[in-house]
Amino acid sequence: MKKRILLGVISGLIAGGLGGCGEQKMAAEPQATDATAAQVNDAWPELASPIAQDAAMEARITELLDKMSIEEKVGQLVQVEIRSATPEEVKQYHIGSILNGGGAFPGDDKHASVADWVALADSYYEATMDTSDGGVAIPVIWGTDAVHGHNNVIGATLFPHNIALGATHNPELMRQVGAATAAEVSATGIDWIFAPTLAVVRDDRWGRTYESYSEDPAVVRDYAGKLVAGLQGAPDSDELFNGKHLVATAKHFLADGGTENGIDRGDAIMSEEELIEIHAQGYFTAIEAGVQTVMASFSSWNGKKMHGHKYLMTDVLKERLGFDGFIVGDWAGHQFVSGCSNVSCPQAINAGLDMFMAPDPSWKELYKNTLAQAKSGEISAERLNDAVRRILRVKLRAGLFEAGAPSERAYAGDESLIGAPEHRAIARQAVRESLVLLKNNDNLLPLARNQRILVAGDGADNIGKQSGGWSITWQGTGNQNSDFPGATSIYGGIAKAVESAGGTAELSVDGRFEQKPDVAIVVFGEDPYAEMQGDVSNLDYPGESDLALLKRLRAQGIPVVSLFITGRPLWVNPELNASDAFVAIWQPGTEGEGVADVILRDAEGQVNHDFTGKLTFSWPNDAQPTVRNPGENEALAQFNYGYGLSYADSEQLAMLSEESGLSEADTKEALAVFNGRALDPWSFQVTDVGNNHSVISSSVAKLQGISVQSVDRNVQEDSRRLQWSGEGNAIAGFFANSRTDLSAYLANQGALVFDVKVDAAPSDAVNLGINCGMECGAEQSITELLKGATPGEWKTVAVDLQCLAKGGAKLDMVLSPFYVRTAGALDVTIHDIHIAANAETDISCG
Ligand code: BGC
Ligand code: BGC
């Protein structure tokens, strides 16, 4: 836990987006707690939710507010996680909401039954309805990430991920997907769904690209309202919140998909016009469909964290866009707001956040601090009442006050809803419509059923792999086919169809066979990942063994069909060249039969289902990390936005260039990080004891517990003196908004080299770190080395890059090549920081 928080703080510094044009962004910072409404840009539309306020309901809320103590009110503002809060604690702290994070189950049992889920929901519900302490009964609201079906629950229907749904170009289908998802969630007694994700992803290196319907805002706009209507029920109908339709969340507000270089939780650096025209489009239709909650994004807009962004949360979303539901935070995301920590952030509430998502056990401290801030007036009574009113409004609208205990609700406990055949049919249709045919030379597809088909590749019979991230577990890893009862693998779907027509389908992951097949289908691609763990530094598909398999089959005269499992477009020209037909199947989820429906002919030998899927993301023509979108580098797309063949096409795809465009790094030259000034792309940044992030561009800066100063060694201001007071953790180092590939240095006995002069030896542990993003990085202790240095004398230090690589830093995607962190007192001066190959090292990890 400790390691995670520290990495979080460091990543906050990077993702704080203070790289690049930092000063301009810092200028925006003082407005954070500004209580006055800013002038809203006219380009934002004025909207109204179709779920109008009801005078009687508002009066009832006023009555409740009048009865509630300040302790009870603050409790509504805190959402805790089932792994770190018992029903007893929820009662004691008057907690308003709970969640289960990705991969969190009742009793930590992955195989928890529907009855277990409902029983747990009951126990939290009862805890909040218990008025024996004289308090007011306010039913808890439980939220879950049902982002492609009820994905934390064994046996649920898993729909294709959003990138695949986008390719269907079928907004009406989204309503059905939403309704089926909500129905399965209702069976477990849960009230609220953290979907849809409305990110418009522009840089496909982002690890959440697959959670996006499209790089095209129009698609996201067309889908958002439909999804919300499917989840919540149509606003003008009696299905709205009828027990089988639940509260939805538009997330992550705003511009999560627009971060610089596709860095998870990074900074969206853009004009307000771009924000409105590209990233806000989905929110407009979601609000017009009556979405009741919005989740704040971890990311920043022009250097300012969304969790603390009053202008966007309050002035724009709540006032101009007329959103009268509540804004929930994202997974302790408030901690990254300047001046905040995970246990204290009045800034976020004052900026318009209504509910903290406080998943770790420190929530009690957050509660206490928030209570103190509400009592002292640091959070005004007006703001507190407004936040609670919004939360109660959503609970009332959702019918939670009247619904009774989860187990008494009409659909809760109904196991037949989980993985129901009618839901699977919708998912199977979505799979069929999402497949994008990129190559079909000599019209190899559709394949006749009555032949001998070899089905190869590590994705052929692997339901975890075909489902991607957010599948039973958070990352989607660590699952077996048996964890998906009722599901069908790609191979399973093919085998069923082929065998019913007298053909044979032989499963052979490595592609070896005894009897030569008529045709081979190879299923391969990306392994599952979620969030920051899916960030990449370029667009190369690295599967060398897959390519070898395709070539081997081809060399034996076997026609090859590639089915590519992926969460994003990747450069696959070599794989395309080694295939006769190539289909992007994305991450289709549990209904693998949808693939067989399209690639195989029907029993009579006719086309069964044609391909109708079209790309909603541009496909790259090389592996370089170039952004490609409609109107942006279109010439660098191998397949443009909207591409997708059907069986009527007879297009032959010629051999494609196999030049990846990635160059081998030259390590003869050392790579300078600091030589008197921070070299591009890095800037010199400090996070002080109060978690305030600053880009240092002046020669002297005194911050809380740390001060920095430019000093002369050989020429003026060629060095930086760093002084820590010992008041607490503070960090100084070089950070960027873009990634640097240091892997060639790592491969060539590389080291991080710097000169240092110690004026006061450390009083506590000092770490040297390399960071590569949220939860990505490593630190190496330099305490002894600094303690052993002769005071006042310069010394050159070289730290083996292996130490950092072994500690978990991904050296091909470095954001910070050098930072120093200590909580103790320390006075050092640094000079000439660089990365060099073939270095003699002082600290080695060989
Ligand atoms: C994700 C959200 C998710 C939340 C709760 C966060 O890390 O960004 O999308 O809803 O966790 O699991
Ligand atoms: C949770 C996820 C969450 C993630 C954020 C995980 O432990 O289970 O739901 O999104 O942490 O870092």
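**The surroundings of ligand 1**

Mentor: An oxygen atom of ligand 1 is 3.0 Å from an N or O atom in the side chain of Lys251, which falls under the term polar contact, a pair of N or O atoms within 3.5 Å, where within protein one must be able to donate a hydrogen and the other to accept it, and residues adjacent in sequence count only if both atoms are side-chain atoms. This is a predicted model, in which local features need pLDDT of at least 70 and side-chain atom pairs count only at pLDDT 80 or more, while totals for chains, interfaces and linings use all residues. Residues are numbered from 1 along each chain as its sequence is written, chains are lettered from A and ligands numbered from 1 in the order in which they are written, and side-chain values use heavy atoms, with hydrogens and water left out.

In the side chain of Asp145, an N or O atom is 2.4 Å from an oxygen atom of ligand 1, and a polar side-chain atom of Glu531 lies 2.9 Å from an oxygen atom of this ligand. Of the 310 Å² of accessible area that ligand 1 has on its own, the protein covers 98%, areas being computed by the Shrake-Rupley method with a 1.4 Å probe. The ligand is surrounded by 14 residues, the closest being Asp145, Arg208, His252, Asp330 and Glu531, where a residue belongs to the shell if one of its heavy atoms lies within 4 Å. By class, this shell has six nonpolar, two polar and six charged residues.

Turning to other places, Glu591 lies in the loop between strand S17 (581–584) and helix H22 (593–599), helices being DSSP runs of H or I with at least four residues and strands runs of E with at least two, numbered from the N terminus. Glu591 counts as buried because its relative accessibility is 4%, and buried means under 20% relative accessible area, exposed over 50%, and partly exposed in between (1.4 Å probe, protein chains only). Its side chain makes polar contacts with the side chain of Arg424, at 2.7 Å, and with that of Thr590, at 2.5 Å.

Helix H12 (residues 310–320) is mostly covered, with 10 of its 11 residues buried, among them Lys310, Asp315, Lys318 and Arg320. Just after H12, Gly322 takes a positive phi of about 70 degrees.

Technical notes
Ala, Val, Leu, Ile, Met, Phe, Trp, Tyr, Cys and Pro count as nonpolar, Asp, Glu, Lys and Arg as charged, and the others, Gly among them, as polar.
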